[in-house]
Amino acid sequence: MLVGLSTGSDLEEVAALVTRHRLAGVFLLGHWTSTSRIRAATARIHRAARAAGAPRALIAADQEGGLVANLTSSDFSPLPSAARMGTGSAASCQALTRTMGAQMTRAGLNLVLAPVADVVDPQLGSGNAPIGALHRGFGTDPATVSRFVTAAVTGYRQGGVATTVKHFPGLGAVRANTDLAVATDTTTSADSANLEPFRSGIAAGSQTVMVSSAIYSRIDPTVPAVFSSKVIPNLLRSALRFAGVVLSDDLGSAKAVSAVPVRDRGSRFLDAGGDLALCADPSLVPAMVEGITARTSAARIRESSSRIDTLISGLPG
């Protein structure tokens, strides 16, 4: 699991969760405006992971650019939104993300929850609340988005951080934001052209893919994608041949999964083939861990742990 660490969190309490439950690490929430606080937080979480026997923690941030940037201190160059970068050159996108990756690495982070590979439906535009309204997508054409996803994955990785292509199989055709409501995609299918940016990100070497918590009625109408064996092992693993770490979108505070008991969320994600569950609310971690250890098979846990260990061991620091 990765637990959310906000600017208002008790750092020692979150560090204790990392050590006690042997969590993979944290993902930063909110706007971190002080370089000294960022470095102090990352150093403390890495120590917490080492106390649990890991070489280091995974420490992630949503550093996409534009309106979505957790790291806003003077040590981090402002990154344009994906929508703006998508109107320029892929070479410029690669250079900008390479700089950001290097800045994140120097501050003790090693995983960026980016780039966004969602293709915004041009008929929705800003009516697409999670992506279009926030200018998080590189465009409305799969070929264009693919080109910039490749550039961003390459740039971030050159800067030293692992990347996360998200939000599989795409949030560009929904209206609601899954953080705030249940969202359903009625158009994306297993052979949709809008999956091409995810293929491109995987081909460019993205070490992780984040699965969305929307429901995809033409792929699996019964459950959100994060709990779907049709989405993770069938589509992402088999069809797109992704062998890396599969992350969930937030399973803690997101309204899209609020109907599922907290204790069941992590285990259902792992049982569907996922590897690394994100929980924005630290208070929910003990219940989610209990559910995983009680319900998920040891073999399934070992499989995911092996992928996560491989990812962590390949990171600098």
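This is a short tour of a predicted model, one selection at a time.

**The barrel**

Start with the strands. Eight of them form a closed barrel, in the order 1-2-3-6-7-9-11-12, and the pairing is parallel. Select residues 2-6 and 25-29. These are strand 1 and strand 2, which run parallel and are joined by five bridges. Pick out leucine 2; its bridge partner in strand 2 is glycine 25.

**A helix across the strands**

Next, select residues 196-203, which make up helix 6.

**Two cis peptide bonds**

Go to alanine 114 and proline 115. The peptide bond between them is cis, with omega near 10 degrees. Proline 115 sits in the loop that links strand 6 (111-112) and helix 5 (142-158).

Now move to phenylalanine 168 and proline 169. A cis peptide bond joins this pair too, with omega about -5 degrees. Proline 169 belongs to the loop between strand 7 and strand 8 (184-185).

**Two positive phi values**

Return to the loop between strand 6 and helix 5 and select histidine 135. Histidine 135 is not a glycine, yet its phi is positive, about 60 degrees. Is histidine 135 buried or partly exposed? Its relative accessibility is 43%, so it counts as partly exposed.

Then select arginine 241, in the loop between helix 7 (230-239) and strand 11 (245-250). Arginine 241 also has a positive phi, near 60 degrees. Its relative accessibility is 71%, so arginine 241 counts as exposed.

**The largest pocket**

Select Met1, Arg22, Leu23, Ala24 and Ser305. Of the 24 residues lining the largest pocket, these lie nearest its centre. Strand 12 (276-279), helix 9 (285-295) and helix 10 (298-313) are the elements that each give two or more residues to this lining. Which of them supplies the largest share? Helix 10 does, with six residues. The space in the largest pocket is about 620 Å³. Its lining comprises 15 nonpolar, five polar and four charged residues.

**The second largest pocket**

Finish at the second largest pocket, which holds about 500 Å³ of space. Select Leu29, Asp62, Val68, Arg136 and Asp179, the closest to its centre among 26 lining residues. Strand 2, strand 5 (68-69), strand 7 and strand 11 each give two or more residues to the lining. By class, the lining of the second largest pocket has 13 nonpolar, seven polar and six charged residues.

Notes:
Residues are numbered from 1 along each chain as its sequence is written. This is a predicted model: local features need pLDDT of at least 70, side-chain atom pairs count only at pLDDT 80 or more; totals for chains, interfaces and linings use all residues. Side-chain values use heavy atoms; hydrogens and water are left out. Two strands pair if DSSP finds at least two bridges between them. Helices (H or I, at least four residues) and strands (E, at least two) are DSSP runs, numbered from the N terminus. Contact means heavy atoms within 4.5 Å. Axes are lines fitted to C-alpha atoms, for helices over the stretch in contact, and angles run from 0 to 180 degrees between N-to-C directions. Buried means under 20% relative accessible area, exposed over 50%, partly exposed in between (1.4 Å probe, protein chains only). On a 1 Å grid over the protein atoms alone, a cavity is a set of points where a 1.4 Å probe fits but cannot get out, and a pocket is an open set with protein on both sides within 12 Å along at least five of seven lines; lining residues have an atom within 4 Å of a point. Grid points are joined across faces, edges and corners, and a volume is the space filled by probe spheres set on the points. Ala, Val, Leu, Ile, Met, Phe, Trp, Tyr, Cys and Pro count as nonpolar, Asp, Glu, Lys and Arg as charged, and the others, Gly among them, as polar.
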